[in-house]
Amino acid sequence: MALEKHINILDYTLQSLLRRKFKNIGIIMVFTLVIFTVSSIIFLSYSLRQEAHLLLKNSPEIVVQKMRAGRHELISTWLMTEIRGIPGVSDVEPRYWGYYYDSGVKANYTILGIGASGLENNKVVSGRMPSPHEKNVAAIGRGIADVRVIKKDLGSILYLQAADNKWMNFNIVGIFESDSGIMTADLIVISKEDFKALVSMPDDTATDLAVHVSNEAEIPTVARKIKEQFPDSRPILRDEIIRTYDAVFGWRSGLIITLFMGALIAFIILAWDKATGLSAEEKQEIGILKAIGWETSDVLEMKFWEGLVISLTSFMCGIILAYIHIFFMGASLLAPALKGWSVIYPEFRLAPFIDFYQIAILMSLTVVPYIASTIIPSWKASITDPDIVMRG
Amino acid sequence: MIKTENVTKYFNRGNPDEVLAVNDVSIEVKEGDFAVFKGPSGSGKTTLLSLIGCMSRPTSGRVIVEDRDVSRLPERFMTEVRRNTFGFIFQQFHLIKGISVCDNVMLPVLPTDIKPSKLRKSAVRILENLGMSGRIDFPVQKLSGGEQQRTAIARALINNPDIILADEPTAHLDTHLSEEFLSIMRNLQQQGKTIVIATHDPLVYDKDYVSLIIEMRDGRVREIIRN
Amino acid sequence: MRRSTMFFVFTAINLVIMALLYIQSHISLSEHHILRKDIKEIVKTLHLTDMVLATDARYTRNPTQADLFSAFQDYPGSIEHFPTGSVIPPPDMDSMGKLIEIKTDGP
């Protein structure tokens, strides 16, 4: 069979690689680490991006904020009637939200005041939601429940300091379980009245307005009309929200640059070292092989196998390890970088979305150049006359 | 069998370090010859050997091997001639370190479509004939000088060549091993192979079975003696 | 066994593992909590706009929403603020702006 020749050459290549065991295992380990790191980042950012896409599709179509002198301000609720009058708008609801810094555990919470309860039959909410006018009850994210010094659960009391320096207490009637952590880990949901009391928000104002537009295509038109009618407003489109997350998780993001520069440079040095010259020993080996009857193409084929064996092995191991790292071990090595100084963060159980396009690009950016950098210097050595071994 | 016609070989032509290694050499080696290229180092005998062995091309002149002008053949065909016609034995043996004796012997014929089991069989047979049966799967770097020499001979014989070329084969051997080497060569000659040895060792060229002595000096042929 | 056979077997094992992981990803996706209606319902009901990824500062909690504490409040996603900005680049403002114009400039 005509394949026998190639398999013979592969046999010899593998034997050759084993002769320089430590050097080659070293290269494979560094190479695997590079692939592992890059593909971990690819897996993580793509998965987060897909999750953002899926979840934020349910965000309000337009959020209208009020600006004064370029700064965000509370918006008057009377605007709601005006905006409802714009053709295409199906509903406008006020949003009441803000942040609360808990110096006890040095954590930021997001506080949400709701006007309507909903979520009665929601399976990731234990207990219930506060009803619109109910005082002193709250539903909190599992992240908050866990981060408190004395762990909170249903029935515990949560104390928050109000703007007028009084402490308000809230009976915890609901908990957002950790399955929804990516959206709810740091939430405290209370009734709209309680929220207004807590932050001393004037009547007839809201943090911003959620505008619902039933026809997807009309969203930009509605946004433009809002902007025309109320020049001091700022409509934020859902598309923009999703795109912001695209950018945040873009795989060219600073995450890669900061985390990965070191390993990348090390690898480039390695590849450069290989590409810029063969050792005298390797050159002599090529000379001997040619002198005893190997063709140039046989020598190049050997070098091709050498590059392929190393890069393919590293690539496959790196990808497999990265998958295990991200989707089985919750990105344990990368998560600290994402969490930053955060005290509250969701449990990472990422959805294993795989972007084959990026994996293919990664493959073509690593395996192919590596093979090339193995072959090209040998090519020069293998086209010279083999009598060099007799004179050398 | 082998003929050179006015062969000249320059190295680094046109550069300040230009060397005229072989200068207008015309010789003929007949089939079944035991030929010796004799001369001090730098006389051009190794270069002449590599020209005959299709390892390099002459700057001018023609090299004819088995009625075929090989001096202008494309690379691929030169390799083919080299692989099918010649067996090489180098001064430094040039074995590949780190692999076994048998693997070294099989090396020249690896890039062919022959099954490795078959290659191994013929390699083992040659090694046994050379008295190396106890060393077949031994790593070459642990062999003695004589055993390395015999491994190199076995490697030169694996493709069953008509012509065996040896460059200073006795340079690293003591008298006893040199004699042994020569008797192996003599044996091969009696089996019908043509032997060409480049050497300045009198032990080699004083043998009475040497049929052709070509003495070289400064790239030129000084004397041709046919016994 | 020949070394080449060992290499092919090793490669095949790797490919099989990759195939199994791929199947695993599909199974795991199909029952992943992120796809549950309940979470989407929460997002919809509470009008949530951001993921809880970085709660370390108020301006990183809701990168798409401006608030009084933002360093730059000009646009959703204008989140440049050290050290966050060195990790999360600002989004491409140009394409964001254009999206609105293209759709409204029609007949």
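Me: In this predicted model, pLDDT is the predictor's confidence in each residue, from 0 to 100. For how many contacts beyond four places in sequence does the model account over residues 70–84 of chain C?
Reply: Two residues are in contact if their C-beta atoms, placed from the backbone, lie within 7 Å. Across residues 70–84 of chain C the pLDDT remains under 50. Where pLDDT is low, the predicted coordinates should not be read in detail.

Me: Which element of chain C has the lowest mean pLDDT?
Reply: Chain C as a whole has a mean pLDDT of 70, with 57% of its residues at 70 or more. Among its elements, helix H1 (residues 3–30) of chain C has the highest mean, 93. The lowest mean, 44, belongs to helix H5 (residues 93–104) of chain C.

Me: What distance separates the centres of domain 1 of chain A and domain 2 of chain A?
Reply: The assignment for chain A places 4–55 + 249–391 in domain 1 and 60–247 in domain 2. Taken over C-alpha atoms, the centres of domain 1 of chain A and domain 2 of chain A are separated by 47 Å.

Me: Which element gives the most residues to the side of domain 1 of chain A that touches domain 2 of chain A?
Reply: The contact draws twelve residues from domain 1 of chain A and 16 residues from domain 2 of chain A. On the domain 1 side, seven residues are nonpolar, two polar and three charged. With five residues, the element giving the most to that side is helix H2 (residues 21–56) of chain A.

Technical notes: Residues numbered from 1 in each chain as written. Chains lettered and ligands numbered in written order. Predicted model: local features only at pLDDT ≥ 70, side-chain atom pairs only at ≥ 80, totals over all residues. Helix = DSSP H or I, 4+ residues; strand = E, 2+ residues; numbered from the N terminus. Domains from an automatic or database assignment. Nonpolar A, V, L, I, M, F, W, Y, C, P; charged D, E, K, R; others polar.
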